[in-house]
Protein chains: 2
Amino acid sequence: MVEWGNKFSARVSSLKASAIRELLSLVNDPEIISLAGGMPDPSLFPKEIIADISKEVFLNNASKALQYGATEGVPPLRESLLKMTREEAVKEVELENIIVTTASQQGLSLLAEIFINPGDSVIVEAPSYVGGLQAFHAFQANFTTIPLDDEGIKVDILEEKLKELKANNINVKFIYVIPNFQNPAGVTMSLERRKKLLEISHFYGIPIIEDDPYGDIRFKGEKIPSLLELDKIGIVIELRTFSKILAPGLRLGWIVADKEVTKKVSLAKQAADLCSPSSTQYIVDKFIRDGHLNNYLEIVRKNYKIKLDSMLGALEKYFPEETTWTEPQGGMFVWAEVPEYVDTDQLFREALQEKVAYVIGSAFYPYGEDKHHMRLNFSLNTPEKIEEGIKRLGNLLKKKIH
Amino acid sequence: MVEWGNKFSARVSSLKASAIRELLSLVNDPEIISLAGGMPDPSLFPKEIIADISKEVFLNNASKALQYGATEGVPPLRESLLKMTREEAVKEVELENIIVTTASQQGLSLLAEIFINPGDSVIVEAPSYVGGLQAFHAFQANFTTIPLDDEGIKVDILEEKLKELKANNINVKFIYVIPNFQNPAGVTMSLERRKKLLEISHFYGIPIIEDDPYGDIRFKGEKIPSLLELDKIGIVIELRTFSKILAPGLRLGWIVADKEVTKKVSLAKQAADLCSPSSTQYIVDKFIRDGHLNNYLEIVRKNYKIKLDSMLGALEKYFPEETTWTEPQGGMFVWAEVPEYVDTDQLFREALQEKVAYVIGSAFYPYGEDKHHMRLNFSLNTPEKIEEGIKRLGNLLKKKIH
């Protein structure tokens, strides 16, 4: 009876439901093998340890763990994060450079809030993380996309675009990249590209948002220094999360950035949710202090490597030779490319009939401009199910290839 | 080395640090009795029960409690909230009318996001909750304030203002009220006022945001039906939270509203933090299902009543007769008024020297336009400390009265 349509804000029209989400709501059939989500394997969750720690935290520290905490995060967890950051070779970091967020989706949203005026330009990789695109959409950003190859963002194209934008007096608010095992593409930015990206960022004075949810889940190759570590002037804002390296249901992440940035993020966070859960912050802090994080990461890496190998083997075996795919050294995703005449948006419903699901490539482009990719997740299912899922998808694809 | 000043968004300038927060950062001295915060008494937290429940949840349900959950909330908790809402006499509510939020500060922020364009007008009570003002500030609202008396918002003045705004073609996005034991004023909106407020809202087609964190903490007088319950057309949006009725460190609240509103809130929430913590949602759900909530509320009510009585007795005994104060029937706050020539902003630092703290009245006005009130919290301290705190404050005030 109430006419809501004319009451909502203009920005609500930019709020689109995630295509992933809409499509996943179709995946109810338990016979469907879903290679679609981006979830960690719940069978690996260290549930006994978390159960014991949580009991101890609530018994011995309830007056803090159940109370409001500081907006920037509870002090012991921030100190643990500071220690972790320093151990990762970013030496010059202080407590004021670190702020805890309600997982890194909130980090993305708060950064969008403090940087983006309606219509402001931001640069993203193509393809890029759906949640990042959504957060920037919600604050009415204009997107400029820069393609990726196996070495990450194509810095030569980035440089050309920036010249063009500058010539048109268009101010770019930030460059958003996922350097390690990119979501969805699975590729990792090379050291050379990282250095060049920083050089460009410094030259134009454009901040870089380095989203690194998967960096600790490397199971092949050598670690490459982060942009945060390589940067010497504080222009890199790094987003981290416990969602992939521990458990998403705790909703905890953190930002490492220049103090001026964390100060603004903190102001925005006060209005957004006052503070992240003290309860899960104390649980995670004890998990780290008791030395469980590295053990758990070892288990995850070993396990995901087996799953990835199963997926790559199955792709080799069952996918038609007209298709290609990335070979990630970590993370959760493989990005497969099909011939241009196959539309992966359309194929999705047929795949469901074959009892297999993936994420349509177009979801990872701000304007949905690509329809011949699919994102394939290897973290959730068993190696056997992964093989079976890829087989079903491969057989379907073979019917489409001419 | 990076010039951040020119990179931030325009809305960042509306983001002001909460005056409360800034002032509280001065309260480090453990000898200071703080009547300032808005925290529940941590000594009452049901820590043994939460400890046992959390252990059980993580052991038996880790694959859900540690995983991503639905943006609207995990299904069992939403069902528990639906049941609670129906038991509170709002019969016609469905699951789709309920969405879980990362405590009600997030509810306020998401509602601001979906309703407010920069410069849009909103109506708030004067005084009003700081966190509400901050959330609306962050989305660049213009504030129209309506004074309160002992029966709540002055509906006659509201009506006049709305006529005036309409004559000037100013569209009002919503009316924000805290009907029960208002923060900071402690007053409760009478049934008559609630009915009149709804009539006005229906006539002008302006949504009401009913913020009700304290309704369940009534320890005197009779419950008055909520605006949500009285409304017949779905124009009321109710915000609730577990922060005051259980524990803020779990960061859980919920919104009850028209489906069109919860749908938009859900879209905004996807971009803001994807979902609230599954972990604390399953813990709270089990706490409710095992029947602990009412027991706990009984303890809280009994305890807070003793504290309030201590505060009211001490006010009577120690405050100069030129001062007045409200007598709440529940909640956490008393609102004291001093003569106009006493500036409570200025008095704050003197109070700290006398080892007592309160919140300055001006913090509760969008433009800081009142300087002769103080908010006094009675939930946190023991009755003895409350009496001593009021004594210190009363003695200070007596020196200022002429």
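Q: Where is B:Q67 found?
A: This is a predicted model. B:Q67 lies in the loop between α2 (47-65) and α3 (75-87) of chain B.

Q: Is B:Q67 buried or exposed?
A: Buried means under 20% relative accessible area. B:Q67 has 5% relative accessibility, so it counts as buried.

Q: What is B:Q67 in contact with, leaving aside its neighbours within four places in sequence?
A: In chain A, the contacts are A:M39, A:P40, A:P42, A:F45, A:P248, A:G249 and A:L380. In chain B, they are B:A62 and B:S278.

Q: Which residues of α13(A) are buried?
A: An α-helix has 3.6 residues a turn, so residues three or four places apart point the same way. In α13(A), the buried residues are A:I386, A:G389, A:I390, A:L393, A:G394, A:L396 and A:L397. They cover an arc of only 165 degrees around the axis, which puts them on the same side of α13(A). A:E384 and A:K399 are exposed on the other side.

Q: What covers the buried residues of α13(A)?
A: The cover includes β1 (33-34), α11 (292-318), α12 (344-353), β12 (356-357) and β14 (373-377) of chain A.

Q: Which residues have the most contacts inside the largest nonpolar core?
A: That core has 286 residues. Those with the most contacts inside it are A:F136, A:L376, B:F136 and B:L376. Beyond its neighbours within four places in sequence, B:F136 contacts residues including B:L108, B:I116, B:F143, B:F174 and B:Y176.

Notes
Residues numbered from 1 in each chain as written. Chains lettered and ligands numbered in written order. Predicted model: local features only at pLDDT ≥ 70, side-chain atom pairs only at ≥ 80, totals over all residues. Heavy atoms only, no water. Buried < 20%, exposed > 50% of the residue type's maximum accessible area, 1.4 Å probe, protein only. Helix = DSSP H or I, 4+ residues; strand = E, 2+ residues; numbered from the N terminus. Arc of directions from axis to C-beta. Contact = heavy atoms within 4.5 Å. Core = buried A, V, L, I, M, F, W, Y, C linked by side-chain atoms within 4.5 Å.
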